[in-house]
Amino acid sequence: MAAEEAASGAAHHGGGLAIDPMHQFRVETIFPIHFGNIDASFTNASLWMLIAAGLVTLLTIVGMGSRSLVPGRLQSVAELSYEFVSNMLRDNVGDAGKRFFPFVFTLFMFVLFCNMLGMMPYSFTVTSHIIVTFALASFIFIAVTILGFAVHGLHFFHFFVPKGVPVALLPLLVVIEVISYLTRPISLSVRLFANMMAGHTMLKVFAGFVIAMGWFGGFLPLAFMVAFTGLEILVAFLQAYVFAILTCIYLNDALHMH
């Protein structure tokens, strides 16, 4: 994160400067809400997810509101986002994937905005929490599985039987295919969560070095922090892209079975 955020998490202790790089991931309650033993409190994570959803909605409504022949900046961003996701679906799913465009577009933009908002000082990176990414991945996994059975019926079980494999190897390969399929939500969620958490932790550590070493000694950590900030912005986009394109691949498997 930015150096000023690191300063807010720094505390003097015994003449030194103690930096807590994990403080930025703490979920804090804003409005406590309880239904019996169920804690449904509105937290900083809830707030930043609402902000991300609101900004995506604002971009699409305002950006495409004028529909000018010569697009402005917002319209250009909205159109580029539309074309990017549309091409992704067409290349990985084909024409059958067009009806899933609203879902994939919403998913990609939501994850992208959550990632990018996390780069702002004093913000909260929602996608750095495994519970959020696993909830998204689990919803995709369940929806794609239901779609597969809805399209193919019980024939969808053939997805776990590789073609052209000797009968003697089928029991082993079927078990491997089933385990691989069931681990999809884990791999999909951990990839996004781990990359965002690791990158932001690294930025916070280097920002702490800048503060602890002063203006002269902290020049090198500051240079690294600036470079890593640019890299983290790229990672934020790439992780949203990977999350969306894997969703497209799972849709293709459900519709066409390999």
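In which helix does F209 lie? F209 lies in helix α7, which covers residues 184–217. Helices (DSSP runs of H or I, at least four residues) and strands (runs of E, at least two) are numbered from the N terminus. The model is predicted, so local features need pLDDT of at least 70 and side-chain atom pairs pLDDT 80 or more, while totals for chains, interfaces and linings use all residues. Residues are numbered from 1 along each chain as its sequence is written, and side-chain values use heavy atoms, without hydrogens and water.

F209 has 41% relative accessibility and therefore counts as partly exposed. That class lies between buried (under 20% relative accessible area) and exposed (over 50%), with a 1.4 Å probe and protein chains only. F219 is ten residues from F209 along the chain. Their C-alpha atoms are separated by 9.5 Å.

Helix α2 spans residues 44–63. Its 20 residues reach 28 Å from first C-alpha to last, close to the expected 28 Å. The expected span is 1.5 Å times one less than the number of residues. N44, A45, W48, A52, V56, L59 and G63 are its buried residues. They fall within an arc of 120° seen down the axis of α2, so they line one face of the helix. The arc is taken from directions between the helix axis and the C-beta atoms. The face turned away from the buried side carries the exposed residues L50 and I61.

Helix α5 covers residues 130–152. Its 23 residues reach 32 Å, close to the 33 Å expected. Buried residues in α5 include V132, F141 and L147. Just after α5, G153 takes a positive phi of about 65°.
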